[in-house]
Amino acid sequence: MTGAPAHASYKSDDLAAEDIDAYLIRHQHKSLLRFITCGSVDDGKSTLIGRLLYDSKMIFDDQLAALAADSKRIGTQGQNIDFALLVDGLAAEREQGITIDVAYRFFATDKRKFIVADTPGHEQYTRNMVTGASTADLAIILIDARKGVLTQTRRHSYLAHLLGIKSLVLAVNKMDLVDYAQSRFDAIVAEYRVFADSIGIRDFLAMPISSLAGDNITSASGNTRWYLGPSLMTHLESVEIDRAGSQSRPFRMPVQWVNRPNLDFRGFAGLISEGLIRPGDAVRVLPSGRTSKVSRIVTMGADLQAAVAGQSVTITLADGGLKGRRIGLQPRRCARRD
Amino acid sequence: MNKRATPGSVTLTHLQRLESESIHIMREVISESEKPVMLYSVGKDSAVMLHLARKAFFPGTPPFPLLHVDTTWKFRAMYAMRDEMVKSSGMQLIVHQNPDAVARGINPFDHGSLHTDLWKTEGLKQALTQFGFDAAFGGARRDEEKSRAKERIFSFRSASHRWDPKNQRPELWNIYNARKVKGESIRVFPLSNWTELDIWQYIHLESIPIVPLYFAAPRPTVERDGLLLMVDDDRFRLRAGGSGEIPAQRSIRFRTLGCYPLTGALESSATTVPKIIQEMLLTTTSERQGRAIDHDQGASMEQKKQAGYF
């Protein structure tokens, strides 16, 4: 394994060095993409994440030194760095050379922040893959170019789709081991497309890669000139994340907890799951069905003039009657805007 | 139909999303557990966690006490900050010192890893058992260490406080399952998805008070075993003899804070949060490198966690 290519510098070292305030402002406004890598055992999920972390310079010198030592001792890449050891964090995983549970890793580029969940490929740990998939915006389905579409590829694709992941990338990995043959890539994509159609996956982006050799990870590879699509990183940085959609739907907020610090305050605390709310909006409280008006949206800094899906807030209602009477409003019930 | 219902959509920043997630987690614990507690270690992550708790339950006071599992070997500035934060938050503070460690005079100079085992791991288990806490918030983050990267947000412990990494529950979307078998307890990590950079940026944006040791200042130090240690009080045993240690003033700061004889400092001139962030972005070593505890062997944190360490 050679070191990271010189162009693979996503971390904006220069700006951080020159103008930290400008860097912070830019960083503060980056969007966040959560994704998973999934697929069958040994299709290279952990290696891909190790590669992304390494190329985005998210691995520190002391970690790299430990990695180099571990690679020689228990790695599966001979004298080379075994990137999978970066994510396989449990002793049992490192000893057995498999991924048992999902690991979350973090990295950032100039454009985005990423949380990636590396999920286990073994059938008996599929439940752990589901945990990782549930919070992902995008799934990278890895396929070993030599083996093609396997049962576990189908199983993971189905689960990713079932959990509502809208963006799928079919990454045909280990292209270096099939001489970067377009025919092999096309055959796998065609086979996958038939399967995807059959379970209702409308769209996916297929790309030929090699995690180990670095092809099409951060930039277009000279080994696959027949592939005209984006590199994996370019795609991850630019794929659209649909979160605004949930704001345009009607307001819904499950009440987690009723905040009653004293007799004069009764706030309904929760995370807004859909929609937008402003003081004065009418809401219906479930399950009683009573309606009331939002009086204040309380936060520690100052009251908000509006709050949207994804925000944790405390809402007070204008209806004085709600305050004095027991209305049977319990945590976990819904406040809904009419 | 509400006329105001269709403004341009609002995009939350990643810090707003992280904040909302942490607050949601804390409220979930409060409504699902009988006797929660917040582990408070006085470090920067604890500072952020405490700040988030105050936001989550505002205008009320967070409905749980703070627990400081004390080793008696923290920096003096940490004890001062702890007492200050307790005062300003209006929360109850429980300080637990393992009586066995007190009796045996366990210290980081003579007892090696026994120091961490007895004061922190055993001390924590004693306190949780003694007070009957069934849920404990901790400020650990997944980006800190590779076994932490594997841990659920709601992480279950057996009656003997053991973590079984091979048998973690499913945890789907933002729906947390807080049901326990009798005797089990939960460690909850509301900062799981925060990175070190997120923590610093949030401290900066929210002006959260932190221990002054995070900022560079001239302090008395010695170099020992590859670490730059601060001589915080007269219990620090200076090595005598030919290569005797004489404390020297250096401009240092700390990236993490723990027991002062075990916590390595950085030479630095960063006196503001943006300058700290700048140094962090340009550094080539990880945050935990300054902690003697993690370097024993590859899986050392996992072993400590299995034994009950946070």
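1. Strand E12 of chain A pairs in the antiparallel sense with strand E14 (residues 312-317) of chain A, and 4 bridges link the two. Here strands (E, at least two residues) and helices (H or I, at least four residues) are DSSP runs numbered from the N terminus, and two strands pair if DSSP finds at least two bridges between them. Within this pairing, A:Val294 has A:Leu317 of E14(A) as its bridge partner.

2. The model is predicted: local features need pLDDT of at least 70 and side-chain atom pairs count only at pLDDT 80 or more, while totals for chains, interfaces and linings use all residues. Residues are numbered from 1 along each chain as its sequence is written, and chains are lettered from A and ligands numbered from 1 in the order in which they are written.

3. E12(A) also takes part in a second pairing. Strand E11 (residues 282-285) of chain A runs antiparallel to strand E12 (residues 290-298) of chain A, with 4 bridges between them. A:Val285 stands opposite A:Arg290 of E12(A). The two strands form a hairpin with 4 residues between them, and A:Gly289 in the turn has a positive phi of about 85°.

4. Chain A as a whole contains 12 helices and 15 strands. Of its 338 residues, 46% count as buried; a residue is buried if 20 or more other C-beta atoms lie within 10 Å of its own, exposed if 12 or fewer, and partly exposed in between, with C-beta atoms placed from the backbone. Two residues are in contact if their C-beta atoms, placed from the backbone, lie within 7 Å. Among the contacts in chain A with a separation of 6 or more, 67% come from residues 24 or more positions apart.

5. The domain assignment divides chain A into domain 1 (13-242) and domain 2 (245-337); such bounds come from an automatic or database domain assignment. The C-alpha centres of domain 1 and domain 2 of chain A lie 40 Å apart.

6. Helix H3 (residues 45-55) of chain A is largely enclosed by the rest of the structure, because 11 of its 11 residues are buried. Among them are A:Lys45, A:Arg51 and A:Asp55, as well as A:Leu48, A:Ile49 and A:Leu52. The buried residues of H3(A) pack against strand E1 (31-39), helix H5 (84-87), strand E2 (103-108), strand E3 (112-118) and strand E4 (138-144) of chain A. After H3(A) comes A:Lys57, with a positive phi near 55°.

7. The interface between the chains brings 55 residues of chain A into contact with 52 residues of chain B. On the side of chain A that touches chain B, helix H2 (residues 20-28) of chain A gives the most, with 5 residues. By class, that side has 26 nonpolar, 16 polar and 13 charged residues. Ala, Val, Leu, Ile, Met, Phe, Trp, Tyr, Cys and Pro count as nonpolar, Asp, Glu, Lys and Arg as charged, and the others, Gly among them, as polar.

8. In chain B, helix H5 (residues 113-131) has 19 residues and reaches 26 Å from its first C-alpha to its last, close to the 27 Å expected at 1.5 Å a residue; the expected span is 1.5 Å times one less than the number of residues. A kink of about 30° in H5(B) is centred on B:Gly123, the bend at a residue being the angle between axes fitted to the seven residues ending there and the seven starting there. B:Gly123 is also one of the buried residues of H5(B), which include B:Trp119 and B:Leu124. These buried residues pack against strand E2 (66-69), strand E3 (93-96), helix H4 (99-104), strand E4 (135-137) and strand E6 (185-188) of chain B. B:Gly132, whose phi is positive and near 70°, follows H5(B).

9. Chain B also has an open sheet of 4 strands in the order E8-E7-E9-E10, with antiparallel pairing. Its edge strands, each pairing on one side only, are strand E8 (227-230) and strand E10 (266-267) of chain B. Strand E7 (residues 217-224) and strand E9 (residues 248-253) of chain B are joined by 5 bridges, and B:Arg219 stands opposite B:Arg250 in E9(B).

10. B:Phe58 and B:Pro59 are joined by a cis peptide bond with omega of about 5°, and B:Pro59 is in the loop between helix H2 (44-57) and E2 of chain B. B:Asp225, in the loop between E7 and E8 of chain B, has a positive phi near 50° although the residue is not glycine. B:Asp225 is exposed, with 7 other C-beta atoms within 10 Å.
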